[in-house]
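Keep the viewer open as you read.

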Amino acid sequence: MLMSDTFLSAVPVHSYYQASQHQHTQYPSLQGLLEVETCIIGGGLSGIGTALPLAQQNRNVALIEAAQIGYGASGRNGGQVIYGYAAEMSKIASMIGQQNAQTLWKWSCEAVNLVEQQIREYNIDCDWQRGYAHVAIRPHHMHALTAWVKEAATNYQFHDYQIWNQTQLQQQLASERYCGAIFDQLAGHLHPLNYTHGLAKAAASAGALLFEHSPMLNLEPWQHGYRITTPNGSIVSKNVVLAVNAFTCSLHHPLTQTLESKILPVGTYMIATEPLGEQATQLIRNNMAVCDTRFVLDYFRLSADNRLLFGGKVNYSGQEPAQQQLIRSMRSDMLKVFPQLNDVRIEYTWGGRVDISMNRAPHFGRLNPQLYFLQGFSGHGMAATGLGGQIIAEAISGDDSRLRLFETIPHRNFPGGKLLRLPSQWLGVAYYRLKDLLP
């Protein structure tokens, strides 16, 4: 069904999260010369998640952000806080062994709990809500979900999933698109930008020096560490943490070339409806977050002011689609799930890039003993970024045992080099989209 432009007009290009963010601290740009023990490059959740525990230990730490805190994926994403990683645990086990995979799973559970712990400890107003459903469109998707529940219980001693048939699912979700689900009452969702700002405030209160509008222009070895140059200042630091994730490919720096080849920035998009009032509680009665099982998936949830936030699509081209075309496409996907929203206006649309690793596992490590990095969250970073930050902070403080385990995960370069890597990914996406269509 064609959509009237009535439902497209006056849609702002900024995100719903920007429009609904709380008043937050604006940090200065870096001026002059600063000497610290650790400099973190990137003001998203992985960078802030590293700065906060270091500052709490009274370590001298500074963070520089090229734009504003939370500008990238940390402030744009679907807000779903879930266990595990983008890579299936069976794949992780095949790479590093079952016992190590069990340890990584346990840490991912700690990461979800860390989110709630920090929300409570720092009194972050970010609409935290427990409850998450992984839904199946086709019977073979449901069979895979059921098999995972058994694997989670047997191999990872995780028993919190509930298996829902179609009837049970429709008691909570007003959609006929899905044949069943697994429900996790402990995972959840939140307002990611307000959460990011809340953590940044906590880090600054603990003593971390935060700078916005301070892009890194150069990174060079300097005495016993590094010198980081920005437009109006520079930092001399013993340790450096690269926490720019999808923006790694924008650095074009000799020291980061090996990182650039191991991730692919991928565009993904979201829309937000007008406030739905009581209709919202009829759509998702228990206010859970929802994600389907396809390779190119849909994910959605309700906002605190009763909008439907609906995300999906992937874009490997590096070119942003035309806004009106994007809204039509996203709205069409939304109506496949909720046809009852046919007369509802779309009030916000936005996008961003996530950093996909070849094996979809997170990529944490060191380029040398004092140059650390975090990347490869692969669209699964709301909880894993906090875990990564804690692990890097531990390593800087002298305990690198958890980082060393992540460093055993093998990460390959994307094939094709700079010229052919995108076409090769298009072929891969086409293959998985075909699989999504099979009964």
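## Helix α2 and what follows

Just after helix α2, N58 takes a positive phi of about 60°. Please bear in mind that this is a predicted model, in which local features need pLDDT of at least 70, side-chain atom pairs count only at pLDDT 80 or more, and totals for chains, interfaces and linings use all residues. Residues are numbered from 1 along each chain as its sequence is written, and side-chain values use heavy atoms, with hydrogens and water left out.

Helix α2 covers residues 45-56; helices (H or I, at least four residues) and strands (E, at least two) are DSSP runs, numbered from the N terminus. Its end C-alpha atoms are 16 Å apart, which agrees with the 16 Å that its twelve residues should span at 1.5 Å a residue. The expected span is 1.5 Å times one less than the number of residues. Eleven of the twelve residues of α2 are buried, where buried means under 20% relative accessible area, exposed over 50% and partly exposed in between (1.4 Å probe, protein chains only). Among these buried residues are L45, G49, A51 and P53.

## C39 in strand β1

C39 lies in strand β1, which runs over residues 32-41. How large is the relative accessible area of C39? The value is 0%, so C39 is buried.

C39 and A51 are twelve residues apart in sequence, and their C-alpha atoms are 8.8 Å apart in space. Contact here means heavy atoms within 4.5 Å. Leaving aside neighbours within four places in sequence, C39 is in contact with A62, I228, I235, S237, N239, V240 and V241.

## Strand β14 and its partners

Strand β14 takes in residues 308-315, and six of its eight residues are buried, so the strand is largely enclosed by the rest of the structure. Two strands pair if DSSP finds at least two bridges between them. With strand β11 (residues 263-273), β14 pairs in the antiparallel sense over five bridges. With strand β13 (residues 299-302), β14 pairs in the antiparallel sense over four bridges.

## D333 in helix α10

D333 is found in helix α10 (residues 323-337). With a relative accessible area of 11%, D333 is buried.

Not counting residues up to four places away in sequence, D333 touches D298, F310 and K313. The side chains of D333 and K313 make a polar contact at 2.9 Å. Such a contact is a pair of N or O atoms within 3.5 Å; within protein, one must be able to donate a hydrogen and the other to accept it, and residues adjacent in sequence count only if both atoms are side-chain atoms.

## Helix α11

Helix α11 (residues 381-396) has 16 residues that should span 22 Å at 1.5 Å a residue; its end C-alpha atoms are 21 Å apart, which agrees. α11 is mostly covered, with 14 of its 16 residues buried. Just after α11, G398 takes a positive phi of about 115°.

## The whole chain

The chain has 13 helices and 17 strands, and 54% of its 439 residues count as buried. Among contacts between residues at least 6 apart in sequence, 74% join residues at least 24 apart.
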